Amino acid sequence: MTSDTQMTDQTDGPVIAEGVDDEPVEHNRRIFTGRTLLAIAAMSGFYALFHMAALNGWSIRSWTGIDIPGLPVFPMETWNFRIVHIAGALILGFTLYSARAFPDEDSGHKHPLDFIAMAALIPALYACYTAIGFAIQISNGVMWNGIDEGIKAAETYHYGYPLIAATAIGIVTGWLRPRIRGTIAPADIVLSVCGVAVAIYLITIFGTLMRNSTGTPFAPIGMSLAAVAGTALIMELTRRVAGLALIIIAGIFLVYVFVGDLLPGFLNAPDITWQRFFSQVYTDAGILGPTTAVSSTYIILFIIFAAFLQASKVGDYFVNFAFAAAGRARGGPAKVAIFASGLMGMINGTSAGNVVATGSLTIPLMKKVGYKPTTAGAVEAAASTGGQIMPPIMGAGAFIMAEITGIPYTDIAVAAIIPAVLYFVSIYFMVDFEAAKLGMRGMREDELPKFRDMVRRVFLFLPIIILIGALFMGYSVIRAGTLATASAAVVSWFTPYRMGFRSVSKAFELAGIMSIQIIAVCACAGIIVGVISLTGVGARFSSVLLNIADANQLLALFFAMCISILLGMGMPTTAAYAVAASVVAPGLIQLGIPALTAHFFVFYFAVVSAITPPVALASYAAAGISGANPMSTSVASFKIGISAFIVPFMFFYNGNLLMQGANLVEVNGQMEFEAALWYNVVRAAITAIFGIFLLSSGIQGWWVGGRTNPLFRVALIVVALFMIEGGLVSDLIGIGGAAALFLLARVTRQKAAV
């Protein structure tokens, strides 16, 4: 990634974005060379290619034209596919990511803990061998159940205990062993083998009728033991790639399972044995449920799409296009950050990832034109966070929303258009008024890429256009994503970065690596979802929300907002939304709120939790680039994004903002929106944007080309709230109030000038 110094030097000439598409290397990521690098690259690439093949229903038969008995055919059985999906991520993750950050200098290559870890490889391999033995016995007709004492003893002593012992030793020795960046720690080899042992057993058992026995006395004890080891492996990998926040929350939920019967009030839960809980948590009621269903299909497909765009350097083009389009406006780099982050948000699924990708260029430039380091970081954090709600991809949360609600993804993408516009408009107004107060200029034309050069390469937007077009032509998300991915390779042939076999292989390798974090996070979120589902705490929370709504519906919404933000603090958007959707959304739906509105309400606040103090991942990432205090940056980003916090309440009170006022109808064989209802949608959007403008003006204290006093600021905020409410009468009051404030400000300034 380009350094700040290089960026500053670069601004002496035209600013050309380079390296935006480069994948940053985390402090605990291993760096391989030679044959090891080739082996890991091949493994990563095959993992991504396997998903692309499986999702498109290809088969080895279709490639070869040869009908060989027993040859595997895609798509795989759903549960088996998800189990392999997680197992592959565990193997890749433990291979690539160390348990701790690497020191500046590698420690010695030998350590006593290595011998302990290698010894743990024996029980791990024995667990694999035993699981294969179980599969052979079952295929030979042995009746498998959880009651037979012989089977129970075999699963406990020959599979479960060795597996759990190896997992525990691998995790602990991984924490304690000195780090060597260029080699794979023996402890991590053990953990990878344990992941394979879990997958073999679960595929074997779930391939029989035992799938229906989960949570009953007939469930084999090995199912629970495999789930214990699998849960530990998932949480350890999540800790390595996403930090402690999600692990702490998942740990609290796991403890709740076993102490819930001792708690009072709505937190009281039934007494659940560990065997029953763990026999269910590694099923579609938990880890293999909606979050993994989405990560194994839509998410990894669009990660592959993003990798192809990165390999063809489209991300660099997006940022350069933003500079050419917005760089001349006052406070130019801040406006660029808004546009570039919105564009990059379509190919980058994390707020912090957006910050790192675009912020390494925009933050130093913002500092150069006069923004304080805190403000520069805050602007980038707030803008990057909006990438999660930018259609058509919207990060991973939209796919999970489609999976949970059953609402078609295209409907969700359409509904997101106006909320996304309102978010970025609110950030734009806040940034523009800040630049006006500081008297900032835009960047000079000789400092920017030539707009005409950018227009000549506008065809690089084609993959995004093809994706949107295919979705609205009725293609499945998987087929549309595949077409868009192929088109990314095709458009690269008209650039200096033509994608050949080597580039395509590199893109698949990059996709495999990029997918690790999101898969681990989704699987870990599945643990929490499993706890909520099995303990019934979500339903009891819904009853609390209903009781609050009896007193005041707005108070219930505010409470739901606080819980959504609290659950999302320190967590990636995907996990934050998955958890909040299980806890908060059902309660909102019981209030009579439409499912789409309820889930968008939760999703929006799960996204903005990335800039909400005290734990704001996007703000912390921006502070690392700007050199400002992380807490000050998070407070500043919260202030810049404060108008955006009103948006979910806007579409709650006015469904037209989610396109719910425009219904699709068939006209001459084609689907079109009813024109009469479009009027309501357009009016709602225009008045909402004007309301956001007034609110931003009141918060920043800038009105009619100058600073304003506190009384004017309060009046602007009150008038803005009338516009935001969305009714015809309230809009008229808001417009009248704004006109009065405009005239009053003009008269006041004219008198002051005299």
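**Rings, a crossing and a cavity**

Modeller: The count comes to 36 aromatic pairs, that is, rings of Phe, Tyr and Trp (its six-membered ring) with centres within 6.5 Å. This is a predicted model, where local features need pLDDT of at least 70, side-chain atom pairs need 80 or more, and totals for chains, interfaces and linings use all residues. Residues are numbered from 1 along each chain as its sequence is written, and side-chain values use heavy atoms, without hydrogens and water.

Colleague: Is the pair Phe 690 and Phe 693 stacked, edge-to-face or tilted?

Modeller: Planes under 30 degrees apart count as stacked, over 60 as edge-to-face, the rest as tilted. Phe 690 and Phe 693 sit three residues apart in helix α31 (residues 675–700), about one turn. Their centres are 6.2 Å apart and their planes 15° apart, so the pair is stacked.

Colleague: At roughly what angle do the axes of α4 and α22 cross?

Modeller: Helices are DSSP runs (H or I, at least four residues), numbered from the N terminus. Axes are lines fitted to C-alpha atoms over the stretch in contact, with angles from 0 to 180 degrees between N-to-C directions. The axes of α4 (residues 78–96) and α22 (residues 501–535) come within 9 Å and cross at roughly 115°.

Colleague: Which residues of α22 make the contact with α4?

Modeller: Contact means heavy atoms within 4.5 Å. From α4 come His 85, Ile 86, Ala 89, Leu 92, Gly 93 and Leu 96. From α22 come Gly 512, Ile 513, Ile 516, Ile 519 and Ala 523.

Colleague: Which helices each supply at least two residues of the lining of the second largest cavity?

Modeller: Its lining includes Ile 86, Leu 237 and Ile 519, where lining residues have an atom within 4 Å of a point on a 1 Å grid where a 1.4 Å probe fits but cannot get out. The helices are α4, α8 (221–242) and α22.

Definitions and conventions: 1 Å grid on protein atoms, 1.4 Å probe; cavity = no way out; pocket = protein on both sides within 12 Å on 5 of 7 lines; lining within 4 Å.
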